[in-house]
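Please keep the sequence and the 3D view open as you read.

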Amino acid sequence: MESGDRYVYMVLESKERTFKIYQNIESAQPREMTGTFELVYDDEACVNIVSGMYDHEFGFWNNDYIVTKKDEDTMIWTVSGNPSDVSVYRRCSGQE
């Protein structure tokens, strides 16, 4: 990764339903955010929905996300109610 690159690195612990997000989207310095998440299957829409809550003052995530799997190493998160707002997350070893 080059020094000017923006990134989001997310660790999801499924058994504990906790997350850690490391990102430098809002500033040049990396930031760590932690909290809990819930993944539920919506029978009516036939989709997985993830929602979360931060451990700090920001409270709930701004959006719930429809989670689809592109392949073994890629997840696609689409903002529920806004199909044009899409994020693609690729599995990495943390060494990249």
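## Ground rules and cysteines

A residue counts as buried under 20% relative accessible area, as exposed over 50%, and as partly exposed in between, using a 1.4 Å probe and protein chains only. By that scale C92 is partly exposed, at 31% relative accessibility, while C46 is exposed, with a relative accessible area of 52%. With a disulfide taken as a pair of cysteine sulfur atoms within 2.5 Å, the count comes to zero.

The model is predicted, so local features need pLDDT of at least 70 and side-chain atom pairs count only at pLDDT 80 or more, while totals for chains, interfaces and linings use all residues. Residues are numbered from 1 along each chain as its sequence is written, and side-chain values use heavy atoms, with hydrogens and water left out.

## Two loops with positive phi

Strands here are DSSP runs of E with at least two residues, numbered from the N terminus. In the loop between β1 and β2 sits R17, whose phi is near 55 degrees, a positive value in a residue other than glycine. R17 is partly exposed, at 46% relative accessibility.

C46 returns here, in the loop between β3 and β4. Though not a glycine, C46 has a positive phi of about 60 degrees.

## The largest nonpolar core

A nonpolar core is a set of buried Ala, Val, Leu, Ile, Met, Phe, Trp, Tyr and Cys residues joined through side-chain atoms within 4.5 Å. The largest one has 12 residues: M10, F19, I21, M33, F37, V50, Y54, W61, Y65, V67, W77 and V79. Two or more residues of this core come from each of β2, β3, β4 (47–54), β5 (65–71) and β6.

What does M33 touch, not counting residues up to four places away in sequence? With contact meaning heavy atoms within 4.5 Å, M33 meets F19, K20, I21, Q23, Y54 and H56.

## Along strand β6

V79, a member of the core, lies in β6 and is buried, with a relative accessible area of 6%. Leaving out residues up to four places away in sequence, V79 touches N63, D64, Y65 and D85. V79 and V67 are 12 residues apart in sequence, with their C-alpha atoms 9.0 Å apart in space.

Also in β6 is T78, which counts as buried at 16% relative accessibility. Setting aside neighbours within four places in sequence, T74 is in contact with T68, K69, V88, Y89 and R90.

## The second largest pocket

On a 1 Å grid over the protein atoms alone, a pocket is an open set of points where a 1.4 Å probe fits, with protein on both sides within 12 Å along at least five of seven lines; lining residues have an atom within 4 Å of a point. Volume is the space filled by probe spheres set on the points, which are joined across faces, edges and corners. The second largest pocket holds about 560 Å³ of space.

Its lining has 20 residues, with I21, M33, Y54, N62 and Y65 nearest the centre. At least two lining residues come from each of β1 (8–13), β2 (18–23), β3 (31–42), β6 (74–79) and β7 (86–90). Counting Ala, Val, Leu, Ile, Met, Phe, Trp, Tyr, Cys and Pro as nonpolar, Asp, Glu, Lys and Arg as charged, and the others, Gly among them, as polar, the lining divides into 13 nonpolar, four polar and three charged residues.

How values were computed. Helix = DSSP H or I, 4+ residues; strand = E, 2+ residues; numbered from the N terminus.
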